[in-house]
Amino acid sequence: MLVAADKFKGSLTAVQVAERVTAGLRRVVPDVDVETLPVADGGDGTVDAAVAAGFERREVRVAGPLGHEVTAAFALRGDTAVVEMAEASGLQRLPAGAFAPLTASTYGSGELLRAALDAGARTIVFGVGGSATTDGGAGMLSALGARFLDADGEPVAPGGGGLAELARADLSGVDPRLSDVELILASDVDNPLTGPKGAPAVYGPQKGASPDDVEALDAALAHYAEVLEAAVGPKAAEYAAAPGAGAAGGVGYGALLLGARFRAGIEVMLDVLGFAPALARAELVITGEGSLDEQTLHGKAPAGVAAAARAAGKKVVAVCGRLTLSPEALERAGIGRAYPLTAVEPDVAKCIADAGPILERVAERIGRDFLG
């Protein structure tokens, strides 16, 4: 039995999900052999999943999205680092109820990457998602040695809004160690940088951007890409249109400029976490996340786990807070059956508040159905 589930956002971490499922299964079969492998798709919770899989947690003081110092973590095992941009530049780093769509910066994410380089990393998995920012990765690149100047030769203001004043970009000072590192951009988002499916239009509103802000950010990022094209050549325009460039407010674009290779976040994380050998030992796989819905099917952790398990001929069931997918959609994703918390407790507010105990009861049902 392998429990490989993501977090229930706002209720349980991936580690807690694994613990609760294990406890419920063992109420039915006390000596059942359960292996746990908390998973993540590159967004928030990615470092925690790596640490649970045996990576060492490293903490460093970096700039938060508004410039104030925060303590952020990355994970290290040997010469492989897992860096989660949300640790430095995520929405959770903003004061409650506060958004800064035009001024939030990814500078701290660049500082996290630099800390991984300082720690001797030769492979860096850069998980992006959950960002508070829409600055095209300009802050991150600045922390790594790039310069973004206005017409007077002064640094432009932080955030995507400041890029409207960009006159010249200079990437010649970017940390040379990056050229000897394998940088993997891990994301479940394949949007381009700008346009109707770009970072500002699709993700700006959830970061507090008004329609006017979205328009301003889209124009500023398009201008940013044009200035970069003058600085580094046609590849800047190619990267702006590439899948993943729009990830995490365009930090994907900045990573591509650094030579990153874009891969689906869950695929990268399954490799890094050692999923294949754990899968080989399992008869049944339990995956899941807070909401199993249409988004799950587009690169989220449970879909990645289920696809890999199905390819290996393993049975898969899922746990979740709420379920909106049909049995047919689940089957197409490789999930034989889903067990939502709402099947035990119809009150959604109670499911969120008491997710742990309710999940244990759900896991008992799985135990009775598959182990009893």
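This is a predicted model: local features need pLDDT of at least 70, side-chain atom pairs count only at pLDDT 80 or more; totals for chains, interfaces and linings use all residues.
## The largest pocket

The largest pocket holds about 940 Å³ of space. Its lining is made up of 35 residues, and those closest to the centre are D41, D188, V189, Q295 and K300. By class, the lining of the largest pocket divides into nine nonpolar, 14 polar and 12 charged residues.

At least two lining residues come from each of α9 (247–257), β10 (261–264) and β11 (284–292), and β11 gives the most, with three residues. Helix α9 is mostly covered, since 11 of its 11 residues are buried, among them Y253, L256 and L257. Just after α9, G259 takes a positive phi of about 95°.

## D41 and its surroundings

D41, one of the residues closest to the centre of the largest pocket, is placed in the loop between β2 (35–36) and α2 (46–52). D41 is buried yet has no salt bridge, and the nearest side chain of opposite charge, that of K300, is 4.1 Å away, whereas the cut-off for a salt bridge is 4 Å. The side chain of D41 does reach the backbone nitrogen of G43, at 3.2 Å.

## Salt bridges across the chain

The count of salt bridges comes to 20. One of them joins the side chains of D44 and K9 at 3.8 Å, N to O; this pair links distant parts of the chain, with D44 in the loop between β2 and α2 and K9 in the loop between β1 (2–3) and α1 (14–28), 35 residues apart. K9 is exposed, with a relative accessible area of 61%.

R27 and E360 meet in a salt bridge at 2.3 Å, N to O. Because R27 lies in helix α1 and E360 in helix α15 (residues 355–370), the pair ties together parts that are 333 residues apart in sequence. E360 counts as buried, at 10% relative accessibility.

A further bridge, between R261 and E182, spans 2.6 Å, N to O. R261 lies in strand β10 and E182 in strand β9 (residues 182–187), so this pair connects parts 79 residues apart in sequence. R261 is partly exposed, with a relative accessible area of 40%, and E182 is partly exposed at 35%. Salt bridges that share partners also join R20, R27, E360, E364 and R368 into one network.

Definitions and conventions: Residues are numbered from 1 along each chain as its sequence is written. Side-chain values use heavy atoms; hydrogens and water are left out. On a 1 Å grid over the protein atoms alone, a cavity is a set of points where a 1.4 Å probe fits but cannot get out, and a pocket is an open set with protein on both sides within 12 Å along at least five of seven lines; lining residues have an atom within 4 Å of a point. Grid points are joined across faces, edges and corners, and a volume is the space filled by probe spheres set on the points. Helices (H or I, at least four residues) and strands (E, at least two) are DSSP runs, numbered from the N terminus. Ala, Val, Leu, Ile, Met, Phe, Trp, Tyr, Cys and Pro count as nonpolar, Asp, Glu, Lys and Arg as charged, and the others, Gly among them, as polar. Buried means under 20% relative accessible area, exposed over 50%, partly exposed in between (1.4 Å probe, protein chains only). Lys and Arg count as positive and Asp and Glu as negative; His and the chain ends are not counted. A polar contact is a pair of N or O atoms within 3.5 Å; within protein, one must be able to donate a hydrogen and the other to accept it, and residues adjacent in sequence count only if both atoms are side-chain atoms.
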